[in-house]
Every structure is written in structure tokens, then in C-alpha cells.
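Thanks for coming, everyone. Let me put the structure up and walk you through it.

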Amino acid sequence: MAAAPERYELHFQDETHLETNPYLCRTWHRRGHQPTLPAAGTNRRVTVCGSVEALGRGRVELVRAAGDSAGFVRYLELLEAHQQATGREIYLVLDNGSAHTSALSLQALAARRDWLHVIWLAKYSPHLNPKEREWRRLKRDARAHLATDLRAFVDGIVDGLHQLGGVCRTIVDEVPQWFLDGHRKPPTGRRSGRPVGAKDSYKRAPYRLKKNLAADT
């Protein structure tokens with residue numbers, strides 16, 4: 001990379017979860033007094049999937065409501081747009097997480113083999129990935145307080161990603177509106193509760209009344 005920086009980029013990629021409950025970090029308190037932290041009540045979390053270039057020339061980050069293979073494929077689409085803008089081939093360092101090794105993800109990686117070269121890390125080696133240290137900075141600086149609402153929670157994460165630096169930054173917020181409205185899953189539009197006239201898919205055993213009979217003497 002150092003010999004031909006105008007031709008190649010080396011990206012370290014990873015995912016992390018960020019929760020509405022404040023991230024526990026260092027704090028000052030009086031000796032003998034247990035510190036307390038405010039909580040959000042019902043805890044919620046989003047997933048950030050992203051990478052940073054080894055020389056600080058690029059950053060690609062994606063904020064979503066869930067971390068899965070579909071999110072990783074979407075990240076690859078953003079990385080491809082970055083590659084087309086720079087014209088440089090990319091070496092991508094990945095761990096062996098399930099979102100990276102699924103059939104959908106492997107197919108997406110293979111479709112980009114002309115310009116994308118994957119370097120697989122050894123299992124259980126987060127110390128080899130500089131992106132892990134960025135996650136600690138993000139949680140310490142952007143998630144050490146209680147957000148007023150879910151919109152402020154997501155905006156704080158995006159601002160924290162910008163503060164991590166990078167000459168060319170692609171930071172995309174794709175948190176859906178249903179998440180910001182407080183739902184855990186996309187609403188189906190149906191009324192809550194059991195539908196009227198719904199029947200069980202299996203046949204129940206007939207109800208039999210048990211009688212308390214006197215024991216034989």
C-alpha cells in the first residue's frame with residue numbers, strides 16, 4: 001500500500017451495536033457513594049457497519065436498525081460508490097462474523113472481485129483490527145449520555161462518526177421511521193390482538209371434565 005498509495009486502499013471493516021442506555025465509561029464520584037446513571041427504560045439499539053482506510057483517506061459508515069447480511073451487502077454498495085469515485089482498488093480486512101460469511105455476503109463479495117480483495121482475519125483476533133478502537137472512542141464520546149429521544153440518539157451517533165475524521169467520509173443514516181416511532185418491528189397495518197374468527201392450525205384435544213371421586217374404603 002505504501003509503495004502505490006494512488007492505486008490501492010486498505011480498509012478495516014467491522015460492526016458494532018449502540019444502545020440507548022448510556023455507555024458505561026470512567027467517571028468521578030465521592031468515595032463511599034455509589035454513582036448512578038439515568039436509564040432509557042426500554043432499551044433500544046442500532047447497528048453501525050463501517051470501515052476506515054489505513055491512511056485516513058476514506059471512511060464508509062452505515063447506520064441501521066439491525067445488523068445482518070443485508071446490512072453488510074448495503075455497506076458493500078456504499079464502498080463500491082467510494083471506489084468508483086477514487087478509482088483505487090480496495091483491500092478489505094474482515095473478521096469471520098456470520099454477517100460476512102453468509103451465502104448472501106459471499107456472493108456479494110465475489111461479484112466485486114475485480115476491484116475488491118478480501119483479507120480474512122484469524123478467528124478471535126479483534127486486537128488486529130483498528131476499527132475496534134474506533135468503536136470504543138465512538139461509545140465513549142457519543143454514547144456516554146442519555147439521549148432525549150430516538151431521533152437525538154441516532155443523530156448523536158452520526159455526529160460521533162463524523163468526529164472520527166477521514167478525508168473522504170461516506171456516512172449514511174438508514175434508520176427507518178418505524179424505529180424512530182418506537183416500534184421494534186415494521187408495522188404490518190393490522191389491528192393488535194388476535195384477529196376475529198381466527199382458528200388454530202392444529203386440532204385441540206377435547207376438554208374433559210375431571211370429577212373428584214371419593215377414594216375406595
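**Charges over rings**

Start with Lys 131. Its charged end sits over the ring of Trp 135, 4.5 Å from the ring centre. One thing before I go on: this is a predicted model. What about rings with rings? Searching the whole structure turns up three aromatic pairs.

Now the overall layout. How many helices and strands does the chain have? Six helices and six strands. Follow the sequence and the pattern reads β-β-β-α-β-α-α-β-α-α-β-α.

Next, the dimensions. The chain has 217 residues, and 35% of them are buried. Its radius of gyration is 25 Å, while a compact globule of 217 residues would come out near 17 Å. Along the principal axes, the C-alpha atoms fill a box of roughly 100 × 55 × 40 Å. Look at the contacts too. Of those with a separation of 6 or more, 72% are between residues 24 or more positions apart.

On to the sheet. It is open and has six strands, in the order β5-β4-β1-β2-β3-β6, with mixed pairing. Which strands sit at the edges? β5, residues 116-120, and β6, residues 168-173; each of them pairs on one side only. From one strand to the next, the twist averages 20°.

Let's take some of the pairs. β1 covers residues 8-19 and β4 covers residues 89-94; the two pair in the parallel sense over five bridges. For a landmark, find Phe 12: its bridge partner in β4 is Val 93.

β2 and β3 run antiparallel, joined by six bridges. Here the landmark is Val 52, with Arg 59 as its bridge partner in β3. The two strands form a hairpin, with four residues between them. In that turn, Gly 56 has a positive phi of about 75°.

β3 has another partner. With β6, β3 pairs in the parallel sense, over six bridges. Leu 62 has Val 172 as its bridge partner in β6.

Stay with β3. Is β3 mostly covered or mostly open? Mostly covered: seven of its seven residues are buried. Both faces are covered. On one side are Gly 58, Val 60, Leu 62 and Arg 64; on the other, Arg 59, Glu 61 and Val 63. Note that the buried residues include Arg 59, Glu 61 and Arg 64.

What lies across the strands? Helix α1, residues 69-86, lies across β1, β2, β3, β4, β5 and β6, and runs at about 150° to β3. Helix α5, residues 150-163, lies across β1, β2, β3 and β6, at about 170° to β6.

One last stop: Ala 4. Where is Ala 4? In the segment before β1. Its relative accessible area is 25%, so Ala 4 counts as partly exposed. And back to where we began: Ala 4 and Lys 131 are 127 residues apart in sequence, and C-alpha to C-alpha they are 23 Å apart in space.

That's the tour. Thank you.

Note on methods:
Residues are numbered from 1 along each chain as its sequence is written. This is a predicted model: local features need pLDDT of at least 70, side-chain atom pairs count only at pLDDT 80 or more; totals for chains, interfaces and linings use all residues. Side-chain values use heavy atoms; hydrogens and water are left out. Two strands pair if DSSP finds at least two bridges between them. Axes are lines fitted to C-alpha atoms, for helices over the stretch in contact, and angles run from 0 to 180 degrees between N-to-C directions. Contact means heavy atoms within 4.5 Å. Rings of Phe, Tyr and Trp (its six-membered ring) pair if their centres lie within 6.5 Å; planes under 30 degrees apart count as stacked, over 60 as edge-to-face and the rest as tilted. A charge sits over a ring if NZ of Lys or CZ of Arg is within 6 Å of the ring centre and within 35 degrees of the ring normal. The radius of gyration is taken over C-alpha atoms; the globule rule is 2.2 Å times the number of residues to the power 0.38. Buried means under 20% relative accessible area, exposed over 50%, partly exposed in between (1.4 Å probe, protein chains only).
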